[in-house]
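Take a first walk through this structure. Begin with the sheet, then turn to the charged side chains.

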Amino acid sequence: MSFIAAFVWSFMLWLVLTAGTKGMLWSPEEIIAGIVFSAIVAYSTRNIIGEKSKRFLNPIRWFEFVIYSIGPLFWGIVKANFDVAYRVITGKIKPGIVRVPVELENDAQYTILSNSITLTPGTLTVDACPEEKALYVHWIYVREEEPKSSEPVSGSFEKWARRLGR
């Protein structure tokens with residue numbers, strides 16, 4: 001099953017990256033090359049991906065991720081861009097690294113939340129510590145030295161990371 005999941009994801013990525021390169025959506029050569037390279041990637045990563053890959057083949061999970069990407073994540077990025085622009089113009093910058101407590105259960109959830117925080121301007125996830133149930137985040141304007149939850153840093157991202165990473 002992990003071979004199939006890796007193959008499907010690799011081939012989908014191949015199709016996205018090669019779409020429209022020769023004046024048409026895909027040439028037959030691109031499709032064949034995509035199948036060959038996807039099979040090589042799937043075979044070489046079949047033991048790395050593991051059985052948990054089945055959850056990523058669920059179309060409902062894809063739909064939820066799209067909703068998250070064009071909804072809360074996009075809105076968070078827009079707000080953070082304005083905040084960073086304001087801080088750059090006014091010079092009101094108080095950078096620092098804060099320990100952000102999180103209630104996540106697995107590596108997928110930590111990855112989703114860490115990447116979401118890092119994609120948001122003004123923040124950068126420096127370290128994820130599942131054993132401490134915390135993330136260490138560099139923040140452009142530290143409002144709280146030790147936040148009680150991830151809300152001040154990540155907004156609703158933690159809730160979505162829990163949902164998407166189940």
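What follows covers a sheet, the helix on it, and the salt bridges.

This is a predicted model: local features need pLDDT of at least 70, side-chain atom pairs count only at pLDDT 80 or more, and totals for chains, interfaces and linings use all residues. Residues are numbered from 1 along each chain as its sequence is written, and side-chain values use heavy atoms, leaving out hydrogens and water.

Three strands form an open sheet in the order E1-E3-E2, with antiparallel pairing. Strands here are DSSP runs of E, at least two residues; helices are runs of H or I, at least four; both are numbered from the N terminus. Two strands pair if DSSP finds at least two bridges between them. E1 (96-101) and E2 (123-129) are the edge strands, each pairing on one side only. Six bridges join E2 to E3 (residues 134-139). Thr 123 stands opposite Trp 139 in E3. Helix H4 (residues 107-119) packs on the sheet and touches E2 and E3; contact means heavy atoms within 4.5 Å.

Now the charges. The whole structure holds five salt bridges, each a side-chain nitrogen of Lys or Arg within 4 Å of a carboxyl oxygen of Asp or Glu. One joins Glu 132 and Arg 99, with the closest N and O atoms 3.5 Å apart. This pair links distant parts of the chain: Glu 132 is in the loop between E2 and E3, Arg 99 in strand E1, 33 residues apart.

Arg 162 and Glu 158 meet in another salt bridge, at 2.9 Å, N to O. Both lie in helix H6 (residues 157-164), four residues apart, about one turn of the helix. Arg 61, Glu 64 and Arg 163 are linked in a network of salt bridges.

Technical notes. Axes are lines fitted to C-alpha atoms, for helices over the stretch in contact, and angles run from 0 to 180 degrees between N-to-C directions.
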